[in-house]
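Subject: Structure for your review

Dear colleague,

Please find the structure below, together with its sequence.

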Amino acid sequence: MRRWGPTRLPCRAMARVFSGIQPSGDLHLGNLLGALVPWLDYLEEHDAVYCVVDLHALTLPKDPAELQARTLELAQLLIAIGIDPERCTLFVQSHVPQHSQLAWLMECTVSFGELSRMTAFKDKSDRSEFISGGLFTYPALQAADILLYNTAMVPVGDDQRQHIEITRDIAERFNSRYGETFVVPEHVIGPVAARVMDLKRPERKMSKSEESAGTVLVLDDLAVTAKKFKRAVTDSDNEVRYDRENKPGVANLLDILGAATGEAPEALAAKYEQYGALKVDTADAVVALLEPIQARYNELAQDPGETTRLLRLGAQKAQEVAAATYERARKNVGLVAP
Ligand code: TRP
């Protein structure tokens with residue numbers, strides 16, 4: 001797609017980036033540093049489209065009031081982190097009806113066998129009592145999300161690799177059956193995406209399902225956060241060295257400090273002799289990172305009208321692109337124009 005600058009001279013086409021996040025559970029430091037901070041990298045030189053995927057959240061049973069509150073909270077948090085609706089497109093998935101519409105065409109393009117091979121489905125269905133049809137067809141909706149925007153790149157964690165691959169397969173199959181309709185996207189794993197581990201059990205990923213002293217929530221009281229770092233598990237050999245395998249607790253602190261300050265964990269290790277000082281500095285860096293995020297979040301949380309305005313704007317921008325793509329798909333597949 002060509003973009004035209006204010007002087008009407010053609011400027012460089014910016015590659016479209018799309019990513020999504022589910023409004024489920026409290027946002028923790030692992031989500032922030034691992035998934036969301038990398039999103040900020042695409043605000044300058046890409047056409048970034050970011051989405052709160054509330055329809056995907058419905059694939060597992062949810063309390064309606066909680067889903068609603070969490071969707072708004074997550075959108076506000078994204079804005080507070082710096083996902084600036086003026087510099088990108090930020091919207092809620094259910095506000096753009098083409099996601100559900102295209103998902104049906106995707107479901108009819110993907111096979112039962114392909115969906116059965118998704119490891120995310122196997123994991124989630126093993127853990128839940130009620131396995132919805134939506135949980136099974138989840139990847140078809142995700143493919144619709146991505147393909148609606150002629151997406152070139154999808155920055156997501158490694159756990160999403162299979163979902164991006166199936167999206168590519170669906171796009172290619174649709175294009176070969178019905179003629180060129182979709183751009184086939186690439187998977188991008190951010191080069192610096194930090195893997196944040198639990199502060200108490202550093203051999204496990206930090207997770208929101210585990211309400212523990214080892215999980216730091218983005219909206220936690222900052223004094224509590226600082227305390228959690230001071231009580232983080234290290235080891236008994238008293239040497240600050242970056243060694244994920246043998247010294248997971250210390251390496252995790254170095255990774256977090258590095259992600260919060262933009263420095264390399266190996267270089268940081270050389271600056272410390274004692275665990276105590278490393279913990280204090282990591283706590284301080286995380287508090288400094290979270291303080292302005294919480295302040296901006298609180299502002300937005302007190303002004304729901306502003307959030308609504310920003311999300312409407314986002315949905316409008318998204319829909320312009322989504323409607324054109326859906327129309328192309330509808331026509332190519334042979335559905336009669338309404
Ligand atoms: N499945 C993704 C996750 O669990 C969320 C998601 C939904 C997504 N639609 C997307 C990610 C489109 C990237 C692009 O993290």
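In which helix do Arg309 and Glu306 both lie, and how many residues apart are they? Before the answer, please note that this is a predicted model. Both residues belong to helix H13, which covers residues 304-333, and they are three residues apart, about one turn of the helix.

Salt bridges

Side chains of opposite charge can pair when their charged atoms come close.

Another joins the side chains of Asp235 and Lys247, at 3.2 Å from N to O. Asp235 and Lys247 both lie in the loop between helix H9 (222-230) and helix H10 (248-261), so this pair ties together parts that are 12 residues apart in sequence. Are these two residues buried or partly exposed? Asp235 is partly exposed, with a relative accessible area of 24%, whereas Lys247 is buried, at 1%.

Arg241 forms a salt bridge with Asp243, and their closest N and O atoms are 3.2 Å apart. Here Arg241 is partly exposed, with a relative accessible area of 33%, while Asp243 is buried, with a value of 15%. Asp243 falls in the buried class because that class takes in residues under 20% relative accessible area.

Salt bridges can also be linked to one another in this model: Asp26, Glu66, Arg70 and Glu73 form such a network.

Cavities

How many cavities of 30 Å³ or more does the structure hold? There are two.

The largest cavity contains about 80 Å³ of space. Among the residues that line it are Asp26, Arg70 and Glu73, which also belong to the salt-bridge network described above. Helix H3 (residues 64-81) gives the largest share of this lining, four residues. By class, the lining has five nonpolar, three polar and four charged residues.

The second largest cavity contains about 60 Å³ of space. Its lining consists of Met118, Ala120, Phe121, Lys124, Leu135, Tyr138, Pro139 and His163. Helix H6 (119-127) and helix H7 (133-147) are the elements that give two or more residues to this lining. By class, six of the lining residues are nonpolar, one is polar and one is charged.

The ligand

The residues around the ligand include Phe18, Ser19, Gly20, Val53, His56 and Tyr138. Tyr138 also lines the second largest cavity. Which side chains place a polar atom 2.9 Å, 2.7 Å or 3.0 Å from a nitrogen atom of the ligand? For Gln142 the distance is 2.9 Å, for Asp145 it is 2.7 Å, and for Gln160 it is 3.0 Å.

Yours sincerely,

A colleague

Conventions: Residues numbered from 1 in each chain as written. Predicted model: local features only at pLDDT ≥ 70, side-chain atom pairs only at ≥ 80, totals over all residues. Heavy atoms only, no water. Salt bridge = Lys/Arg side-chain N within 4 Å of Asp/Glu carboxyl O. Buried < 20%, exposed > 50% of the residue type's maximum accessible area, 1.4 Å probe, protein only. 1 Å grid on protein atoms, 1.4 Å probe; cavity = no way out; pocket = protein on both sides within 12 Å on 5 of 7 lines; lining within 4 Å. Points joined across faces, edges and corners; volume = space filled by probe spheres on them. Nonpolar A, V, L, I, M, F, W, Y, C, P; charged D, E, K, R; others polar. Near = heavy atom within 4 Å. Polar contact = N/O pair within 3.5 Å; in protein donor to acceptor, adjacent residues only side chain to side chain.
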